[in-house]
Amino acid sequence: MPVVHEHGERMKRFKNKGKDTAALRRQRVEVNIELRKAKKDEQILKRRSISIVSLEKSPSPAEEKNVIVPLSLEEIVEAVNGSNTSLQLQATQAARRILSRQKDPPLNQIIELGIIPRLVEFLSRTDSAALQFEAAWALTNIASGTSEHTRAVVEGGAIPAFISLLSSPHMHISEQAVWALGNIAGDGPLYRDALINCNVIPPLLALVSPVTPVGFLRNITWTLSNLCRNKNPYPPLEAVRQLLPVITCLLEHEDKEIVSDSCWAVSYLTDGSNDRIQIVVDTGILPRLVELMGSPEMIVMTPALRAIGNVVTGTDEQTQAAIDAGVLAVLPLLLRHTKPAIQKEAAWALSNIAAGPCQQIQQLITCGLLPPLVELLDKGDFKAQKEAVWAVANLTTGGTVEQVVELVQSGVLKPLLNLLLAKDSKTILVILDSISNLFLAAEKLGETERLCLLVEELDGLEKIEALQTHDNNMVYRAALNIIEKYFSGEETPDLQPGTDEDGLYNFSVEKQDFNF
């Protein structure tokens, strides 16, 4: 199978387990940046909406005592920089209301006023809880913007001030501080680590208790998940060890949003090297994650599936831990899920399990994964089909002849050959590798000609021949290699692949009969 060596670039996508290059486990290639700020913005918008609605029913501490007076930007600057606490509160509140607009809040304008350092000072004003709260809220909304906006808040000295507020006797103030710190942590690894170095974790974890209100606990969990997020570099291992026990407990919570963000946290922690995956495996939470993969709630199922998918990119032992936790019983349902994104994630996880030793491949077969895999190849969304193709390639590389026979018996060849019409060169190359692997199995059984006939009968030869005019040189050479090796000899008209009453091709190993 010389094709494998010709496109080593593609094979760099696998994790090196010291096996055949084609069978090495892959990690997720695309980085899910959209999960970062998008999720944060969505939640802060919800926060603004909820806060504005609730203000109509129950005003903030400041508004209970003051009539709301609209102020110009110049008046805000003057009052914030003055020494009158009442006017400082009015001005800070006015700035916060401007920043709480649901659409296009003027973050840059407020930053350009130069009042951020002053708002940060107000965070330590224990003589006025209302002023602390309004300043914290305003700064939270600035930090919810772009990286430039977040930087303005951090450079104004907000990190230590917000960490101090975590211990505020006023819950609404400590909750606002949690939210602000979540926005700062979510900006990227630089500020995440700045928070960790300022010792944010102990006071944050101290807020988690059985009596913490659910709404507050949601904010804490989301902030904890942001402390687990981002690579280059990963979060410090000591921080991960501090966070994991609490995240493990939060996974058991009854609130779906808390469970969802806990799952996202675990998915970030498992998206890395094997030693990081092992720290999560050692907590014993894999059975709970597998249970959550079966949740009817998309916001829970999606990150639980991602976390387990990350685990099976690890070592054979880590993959076995996921298998022992029951992942193979849940995957058939997810491969048949109505949402293409779930099909794709499930097929990605399956492809990495299929990259394991033949004992794990056998467990995959025994648990009935081949029929839904073939269905996905036949009728799935193309992104999911691409992952399913990798599963087939890995199975044909690492499986025994008997296991490859079972794959063919499950009807894989027809949808696999049909996907040679895809526009994606990498997918075509992986399919051609898989076909080469099927021929290697046929050679071992002395049944190459029967496989040739079956490929022809399914219009596969025509499709492979057509690839000789493909724009991609590697595709052309891989197709040519198969044709020259298996389809250039004399035809044997008396050989016909046998079919059973269901129209499926027979294939019996015991009799050394490649009778599809």
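This is a predicted model: local features need pLDDT of at least 70, side-chain atom pairs count only at pLDDT 80 or more; totals for chains, interfaces and linings use all residues.
Colleague: Start with Arg96. What does Arg96 form a salt bridge with?

Modeller: Its partner is Glu134, and the closest N and O atoms are 2.7 Å apart. The pair links distant parts of the chain, with Arg96 in helix H6 (residues 85–99) and Glu134 in helix H9 (residues 129–143), 38 residues apart.

Colleague: Is Arg96 buried or exposed?

Modeller: Arg96 is buried, with a relative accessible area of 1%. Glu134 is buried as well, at 0%.

Colleague: And Arg336, which side chain does that one meet in a salt bridge?

Modeller: Arg336 meets Glu375, at 2.7 Å from N to O. This pair also links distant parts of the chain, 39 residues apart. Arg336 sits in the loop between helix H22 (327–335) and helix H23 (340–353), while Glu375 belongs to helix H25 (residues 370–379).

Colleague: How accessible are Arg336 and Glu375?

Modeller: Both fall in the partly exposed class: Arg336 has a relative accessible area of 44%, and Glu375 has 38%.

Colleague: What about Glu447, which residue does it form a salt bridge with?

Modeller: Arg450, with the closest N and O atoms 3.1 Å apart. Glu447 is buried at 11% relative accessible area. Arg450, at 18% relative accessibility, counts as buried because the cut-off is under 20%.

Colleague: Switching to the surface. Which residues gather in a patch of negative charge?

Modeller: Glu456, Asp459, Glu462 and Glu465. Glu456 is placed in helix H30 (residues 448–457) and is partly exposed, with a relative accessible area of 34%.

Colleague: Helices next. How many of the 15 residues of H12 are buried?

Modeller: 13 of the 15, so H12 is largely enclosed by the rest of the structure.

Colleague: What span should H12 have, and how far apart are its end C-alpha atoms?

Modeller: H12 covers residues 171–185, and at 1.5 Å a residue it should span 21 Å. Its end C-alpha atoms are 21 Å apart, which agrees.

Colleague: Where is Ala322?

Modeller: Ala322 is in helix H21 (residues 316–324), and it is buried with a relative accessible area of 0%. Its C-alpha atom is separated by 7.2 Å from that of Val311, 11 residues apart along the chain.

Colleague: Now the backbone. Which residues does a cis peptide bond join?

Modeller: Asn232 and Pro233, with omega about -5 degrees. Pro233 lies in the loop between helix H15 (214–228) and helix H16 (237–250). For background, most peptide bonds are trans.

Colleague: What is phi of Asp104?

Modeller: Near 45 degrees, a positive value in a residue other than glycine. Most residues other than glycine have a negative phi. Asp104 lies in the loop between H6 and helix H7 (107–112), and at 62% relative accessibility it counts as exposed.

Colleague: And what is phi of Asn199?

Modeller: Phi of Asn199 is positive too, near 65 degrees. Asn199 is found in the loop between helix H13 (189–197) and helix H14 (201–206). Its relative accessible area is 47%, which makes Asn199 partly exposed.

Note on methods
Residues are numbered from 1 along each chain as its sequence is written. Side-chain values use heavy atoms; hydrogens and water are left out. Patches are made of residues with over 30% relative accessible area and no salt bridge: like charges are joined within 9 Å, nonpolar side chains (Val, Leu, Ile, Met, Phe, Trp, Tyr) within 5 Å. Accessible areas come from the Shrake-Rupley method with a 1.4 Å probe; for residues, only the protein chains shown count as cover. A salt bridge is a side-chain nitrogen of Lys or Arg within 4 Å of a carboxyl oxygen of Asp or Glu. Lys and Arg count as positive and Asp and Glu as negative; His and the chain ends are not counted. The place of a charge is taken as NZ of Lys, CZ of Arg, CG of Asp or CD of Glu. Helices (H or I, at least four residues) and strands (E, at least two) are DSSP runs, numbered from the N terminus. Buried means under 20% relative accessible area, exposed over 50%, partly exposed in between (1.4 Å probe, protein chains only). The expected span of a helix is 1.5 Å times one less than its number of residues.
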